[in-house]
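Trainee: I am new to this structure, and I would like to learn how to read it feature by feature. Could we look at it together?

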Amino acid sequence: MTTVAISPELAKELKLLKMEEGLASIDEVIEKMLIEYKKRRFLEASEKFRERMKEKGLKLEDLTK
Amino acid sequence: MNIVVDTNILFSALYDPSSDAGKLILFALERRVDLFAPESVKLELEHGLRKKLAYAEAEVRETIAALPVKWVESGAYAGAMDIAKGQLTHEADVPVLACALALGHEIVSGDKHLLSIKPKIARVWRLGQLIKEIQR
């Protein structure tokens with residue numbers, strides 16, 4: 001385990017979220033938040049990818065030719 | 001579970017996150033599976049994004065960073081390239097097999113060349129089969 005410095009307001013919000021979600025620790029809260037952040041990042045990348053494929057009129061198989 | 005993925009799986013996941021390939025990525029983000037790929041797959045992805053979809057450098061970086069894949073440098077699987085070459089006629093798949101052999105991991109692919117590899121060399125999962133296994 002290590003220590004990170006965060007504002008008291010943020011610490012309060014994390015503790016509240018931990019309680020609301022019934023999680024065992026702040027570590028678990030942050031881990032869940034990270035997973036959700038990374039999922040959103042992937043879904044955003046996917047949306048851009050689909051848009052660009054459409055713009056270019058390409059199919060998946062065209063990308064690896 | 002440690003799995004080596006190929007380029008098609010990653011492009012398919014980006015194209016349709018609700019597909020089995022997309023589910024695999026979401027499972028990796030939830031740490032239910034660890035995904036690996038040789039750097040040749042990364043180069044192929046970057047090439048496709050840059051040259052065929054006209055992505056800017058920053059967009060390429062962001063897209064690659066959004067994929068939960070541990071990229072394996074060629075030096076890590078160079079020693080297994082000859083064995084892999086002996087098993088495959090399709091050159092682009094050789095680093096994928098070499099990477100799996102060097103790391104002792106299994107592969108997931110929809111590619112007929114990789115799927116034809118004998119189980120005693122490496123286990124190659126079909127995507128649907130792997131998704132069911134992870135969900136069990």
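Trainee: In what order do the elements of chain A run from the N terminus on?

Mentor: Helices (H or I, at least four residues) and strands (E, at least two) are DSSP runs, numbered from the N terminus. In chain A the order is α-α-α, with three helices and zero strands. The radius of gyration, taken over C-alpha atoms, is 19 Å for chain A, well over the 11 Å that the globule rule (2.2 Å times the number of residues to the power 0.38) gives for 65 residues, so chain A is more spread out than a compact globule.

Mentor: Before going on, note that this is a predicted model, in which local features need pLDDT of at least 70 and side-chain atom pairs count only at pLDDT 80 or more, while totals for chains, interfaces and linings use all residues. Residues are numbered from 1 along each chain as its sequence is written, and chains are lettered from A and ligands numbered from 1 in the order in which they are written.

Trainee: What share of the residues in chain A is buried?

Mentor: A residue is buried if 20 or more other C-beta atoms, placed from the backbone, lie within 10 Å of its own. By that test, 9% of the 65 residues in chain A are buried. In chain B, helix α1 (residues 7–15) is mostly covered, with eight of its nine residues buried, among them B:Ile9, B:Leu10 and B:Phe11.

Trainee: How many residues does the contact take from each chain?

Mentor: Counting residues whose C-beta atoms, placed from the backbone, lie within 7 Å, the contact takes 18 residues from chain A and 19 residues from chain B. On the side of chain A that touches chain B, α2(A) gives the most, with 13 residues.

Definitions and conventions:
A residue is buried if 20 or more other C-beta atoms lie within 10 Å of its own, exposed if 12 or fewer, and partly exposed in between; C-beta atoms are placed from the backbone. Two residues are in contact if their C-beta atoms, placed from the backbone, lie within 7 Å.
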